[in-house]
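Here is a guided tour for anyone new to reading protein structures. Keep the picture open and look up each residue as we come to it.

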Amino acid sequence: MLRQGLRNIGDMIRLEPKPFAVGAAGAMANTAMTLFLSFVVGWVVSAIAVPAYENGEVVFGTVMIGVAALVGTSIIRFSTMCARRIGAGVMMFGVQAHWRRQITRRYLALPVSWHQKHPTGTLLSNANADVEAATRPLAPLPFAVGTLFMVIVAMGAFLWIDWAIALVALGMFPALFALNALFATKMAPRAKRAQELRAEVSAVGHESFDGALVVKAMGREAAETERFTATAEDLRDAMIGVGRLRAAFEPAISGLPEIGVLVALLVGLARFEAGAIDLGQLVTVSFMFSVLAFPVRAIGWVLGDLPGSVVGRRRVDHVLSATGDMAYGDNELPDTTTPARLEFNAVAYAYPDGHEALHEVTFTVEPGTTVALVGATGSGKSTLAHLAARLVDPTRGTVTLDGHDLRDLTHASLARTTALVQQIPFVFDDTVRANLALDRPGLTDDRLWDALIAAGAEKFVAALASTTETGDPDTSGLDTEVGERGTTLSGGQRQRLTLARALAGKPRMLILDDATSAVDPKVESQILTGLKDSADVASVLVVAYRRATIALADEVVFLENGRITARGPHQDLLKTHQPYADLVTAYERAEAEREFDSEFNDTDLGDTDFNGTKHNEEETTA
């Protein structure tokens with residue numbers, strides 16, 4: 001544990017060498033002046049106080065020298081203390097920022113499958129609590145370095161003054177280090193358990209907050225409270241265990257230097273009476289031991305924080321060393337606006353647990369056409385959409401775009417050419433403009449409004465202008481804050497906003513994973529028809545459920561258990577493939593029932609589509 005902790009400290013020093021040098025230099029200068037103060041106090045006592053007591057006279061010049069020495073030493077100690085603390089703070093926060101950036105970059109580089117196996121709360125804990133635990137020894141580190149320097153210098157001074165006093169110091173410091181080593185050994189498993197529970201509490205809390213609507217709708221507040229309470233109490237018990245161990249060891253760690261002062265004073269008095277040292281040396285030794293007592297604790301603070309630091313660093317390294325990066329190639333697609341050609345060639349995909357979701361899937365989305373993926377739940381439709389956007393790679397076979405294997409394309413080229421819009425929209429806690437543009441260059445307000453019109457979202461975005469206090473009435477709707485995850489918008493509005501985000505980049509291949517499920521069927525039909533008739537025509541791969549949406553496709557690919565069992569135009573499949581006809585009819589019947597039920601809802605709760613009509617309650621609550 002000590003070896004790993006010291007290695008961790010060495011790694012952090014290499015990350016921020018300059019602040020550490022400033023802090024350590026300030027600490028060593030501070031301790032040097034503290035030791036020098038011991039000699040100044042000894043000289044003041046022997047050269048000023050004792051003669052004044054014996055002769056009844058005070059030499060003004062000598063007194064002024066003593067005052068100047070004490071004041072000057074104090075000023076330098078204050079300045080060096082500031083340098084020590086500033087260096088320690090800059091170093092610690094610099095290392096924390098470095099690791100948090102690395103962790104965030106690693107999160108972004110790792111594939112979706114890796115994130116699916118790690119709770120969000122745990123990932124937040126890795127970037128926050130674990131980083132803080134790993135860097136905790138850095139705060140007292142310069143102080144501890146200065147203390148080590150002080151101990152070395154003090155040992156030299158003790159040996160110079162008297163060998164017996166030096167033996168007292170030689171016995172105190174090894175005992176202190178041995179006690180800290182025992183403390184670190186006992187603390188390590190407790191610190192590890194506490195860090196794991198911090199992550200669990202964060203995970204449970206994040207899940208409860210993220211699913212607040214489900215919790216409230218299902219009346220699960222009490223159950224969620226009980227679940228969080230149980231985890232929080234486990235963390236409480238673990239932290240109490242850590243506190244109890246600290247309570248047992250820290251008094252001994254703090255008291256050992258004080259005992260050393262008493263022993264040194266007794267030995268010093270004996271040596272003074274024996275004539276081995278004079279009064280000034282006795283005062284110097286006593287003062288030096290007293291000023292050493294507190295700084296020596298800094299070494300204990302560093303050693304005491306090492307177990308938690310090692311555990312935190314292991315959890316940080318678990319993220320930084322995670323494998324599975326999705327490597328990109330060097331091929332670039334031409335910078336053109338013509339629709340792209342997407343082809344699946346004998347594609348198979350298996351999940352990490354070995355379950356194969358797709359089997360030898362082969363089909364093509366020709367340039368400018370719309371292909372609908374239809375199938376029962378679990379048939380592999382969303383997996384195909386993820387493969388087309390290269391969120392995952394096939395286990396076998398290839399997915400090509402304009403004849404290029406997706407794995408051979410650069411990330412920028414793939415992102416510029418394709419756009420995936422998923423069923424569950426994600427909206428950032430920012431303005432409409434920021435959510436649409438995502439800092440992509442060249443996206444003017446005119447381009448954003450064109451995308452909103454194509455997505456059937458321009459009416460409700462323009463209406464958002466009334467919620468802003470300032471701005472041009474023609475554009476201020478883009479400046480409206482939409483809240484965390486778009487809480488000020490309905491489900492259908494969020495879906496249309498994310499669709500407009502994809503269209504703003506003029507993709508050549510648009511992938512819609514049931515991306516308009518929360519939108520009124522008539523509006524959905526108008527949106528998809530508008531996409532086909534748009535000047536910026538794109539090839540479209542759409543996961544579809546509604547019959548009206550499926551009918552707009554040039555070709556339908558029907559999936560059953562991860563295999564293509566039928567392909568062709570919608571009307572042909574209705575006549576020739578009974579499983580397809582049964583499924584689409586079931587979809588249509590369920591849709592009709594939902595539309596019938598929605599007629600009894602308050603239409604004022606609905607959205608307004610881009611023709612100015614009201615949506616039903618279904619879109620708002622979907």
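This is a predicted model: local features need pLDDT of at least 70, side-chain atom pairs count only at pLDDT 80 or more; totals for chains, interfaces and linings use all residues.

## Surface and overall make-up

Of the chain's 622 residues, 46% count as buried.

The chain has 22 helices and 10 strands. Among contacts with a separation of 6 or more, 76% are between residues 24 or more positions apart.

## A nonpolar patch on the surface

Let us begin on the outside. Val67, Val71 and Ile75 make a nonpolar surface patch of about 250 Å². Find Ile75 in helix α3; its relative accessibility is 52%, so this residue counts as exposed, the cut-off for that label being over 50%.

## Salt bridges

The next stop is in helix α11. Asp317 and Arg313 form a salt bridge through their side chains (3.1 Å, N to O). Why are these two separated by about one helical turn? They sit 4 residues apart in helix α11 (residues 279–320), so about one turn lies between them. An α-helix has 3.6 residues a turn, so residues three or four places apart point the same way. Asp317 is partly exposed at 29% relative accessibility, whereas Arg313 is buried at 15%. The bridge also belongs to a network of salt bridges that links Asp11, Arg14, Arg313 and Asp317.

Arg567 forms a salt bridge with Glu555, and their closest N and O atoms are 3.1 Å apart. Arg567 is in strand β10 (residues 563–568) and Glu555 in strand β9 (residues 555–560), so the pair links distant parts of the chain, 12 residues apart.

## A buried serine

Back in helix α11 you will find Ser309. With a relative accessibility of 0%, Ser309 counts as buried. Which residues is Ser309 in contact with, leaving aside its neighbours within four places in sequence? They are Asn8, Ala133, Ala134 and Pro137.

Two of these deserve a second look. The side chain of Ser309 makes a polar contact with the side chain of Asn8 at 2.6 Å. A polar atom of the Ser309 side chain also lies 2.7 Å from the backbone oxygen of Ala134.

## Helix α15 and its cover

Helix α15 spans residues 445–454, and its buried residues are Arg447, Leu448, Trp449, Ala451 and Leu452. What covers them? The cover includes α14 (432–437), α16 (458–463) and α17 (491–504). After α15 comes Gly456, which has a positive phi near 65°.

## Strands side by side

Our last stop is strand β1. Strand β1 (residues 342–350) runs antiparallel to strand β2 (residues 356–365), and 6 bridges join the two. To see the pairing for yourself, look for Glu343, which stands opposite Thr364 in β2. The hairpin of β1 and β2 has 5 residues between the strands, and there Gly354 takes a positive phi near 100°.

With strand β4 (residues 396–401), β1 pairs in the antiparallel sense over 5 bridges. Here Phe344 stands opposite Val399 in β4.

Key:
Residues are numbered from 1 along each chain as its sequence is written. Side-chain values use heavy atoms; hydrogens and water are left out. A salt bridge is a side-chain nitrogen of Lys or Arg within 4 Å of a carboxyl oxygen of Asp or Glu. Buried means under 20% relative accessible area, exposed over 50%, partly exposed in between (1.4 Å probe, protein chains only). Patches are made of residues with over 30% relative accessible area and no salt bridge: like charges are joined within 9 Å, nonpolar side chains (Val, Leu, Ile, Met, Phe, Trp, Tyr) within 5 Å. Accessible areas come from the Shrake-Rupley method with a 1.4 Å probe; for residues, only the protein chains shown count as cover. Contact means heavy atoms within 4.5 Å. Two strands pair if DSSP finds at least two bridges between them. A polar contact is a pair of N or O atoms within 3.5 Å; within protein, one must be able to donate a hydrogen and the other to accept it, and residues adjacent in sequence count only if both atoms are side-chain atoms.
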